[in-house]
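Thanks for coming. I will go through one model today, starting with its charged side chains and ending with the overall fold.

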Amino acid sequence: MRVTTQMLNDSARRAGLPIRDTSLLDYINKDESSNGLLGVSNSKLNAVDSMKKKTYENIEKEAGDLSDKAIQFLNEADDLFAKAKETGDTSEIVSRIMDMVDSYNKTIDILSKETDTLTRFYYQSLKDAFFNNEAALKELGITVDKSGKVNIDKDKLKAADPEALESVFGTKGNLSAKLYLIAGKVADNASAGLSSINNQYGSDGYLNPSQYSNRYDFWG
């Protein structure tokens, strides 16, 4: 059976490995000093994968933080808003909202620099969570720019009525729930990508022998 570049790329896709614009000859003769295919087992974590690994780590951290903050806020929202309505003090709620927005902005900033289809989908989904509440958020002193970054007028947010805050961020609204769900998916996707790279390379940064053999077992 003749092995084609397309077959190599299809196998790479199934293994979750990056697809590169190289020909079959490039795969076989990538490094003559390393004896062709056998040299793959000694190849070290390359610059592209190293950068991708760092990006996955950052996305997993920031998106994970956002998801955690959103669900924690939702779990405590009814009590927080009941107290705020009774006392007129929204400082705890405002602090939680600003904390979520900070994590959201960090996540959006990282996602905006990525070009793969799934990441762009999540990037747009996170932006839409805010854009879909744009009018109500503006009344609270919260605005969203074209890139999806959120800006807060702290004085206006602090002066907002508890009911108005609850209608957007509490269980009566949908924004916090969307941030929890979407950010969780973003973190999971990054974790899967990170696992793929970590499984491909050992702790010393060199390609695992098992990955070397699996990479070519489709030859039969």
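Which residue forms a salt bridge with aspartate 102? In this predicted model, the partner of aspartate 102 is lysine 106, and their closest N and O atoms are 3.4 Å apart. By salt bridge I mean a side-chain nitrogen of Lys or Arg within 4 Å of a carboxyl oxygen of Asp or Glu.

Both residues sit in helix H4, four residues apart, which is about one turn of the helix. Helices here are DSSP runs of H or I with at least four residues, strands are E runs of at least two, and both are numbered from the N terminus. Aspartate 102 is partly exposed at 36% relative accessibility, and lysine 106 is partly exposed at 40%. The cut-offs are under 20% relative accessible area for buried, over 50% for exposed, and partly exposed in between, with a 1.4 Å probe and protein chains only.

Elsewhere, salt bridges with shared partners link Lys85, Glu163, Glu166 and Lys172 into one network.

Now to arginine 96. Its side chain meets that of glutamate 92 in a salt bridge, 2.9 Å from N to O. Glutamate 92 is partly exposed, with a relative accessible area of 39%.

Arginine 96 also forms a salt bridge with glutamate 76, where the closest N and O atoms are 2.5 Å apart. Glutamate 76 belongs to helix H3, residues 47-87, and arginine 96 to helix H4, residues 91-111, so this pair ties together parts 20 residues apart in sequence. Glutamate 76 is partly exposed, at 28% relative accessible area. The total by this rule is 13 salt bridges.

On to the whole chain. The chain has 10 helices and two strands, in the order α-α-α-α-α-α-β-β-α-α-α-α from the N terminus. Of its 220 residues, 39% are buried. Take contacts, meaning heavy atoms within 4.5 Å, between residues at least 6 apart in sequence: 65% of them join residues at least 24 apart. The accessible surface is about 12400 Å², and 49% of that belongs to carbon and sulfur atoms. Areas come from the Shrake-Rupley method with a 1.4 Å probe, and for residues only the protein chains shown count as cover.

Last, the conventions. Residues are numbered from 1 along each chain as its sequence is written, and side-chain values use heavy atoms, leaving out hydrogens and water. As the model is predicted, local features need pLDDT of at least 70 and side-chain atom pairs count only at pLDDT 80 or more, while totals for chains, interfaces and linings use all residues.
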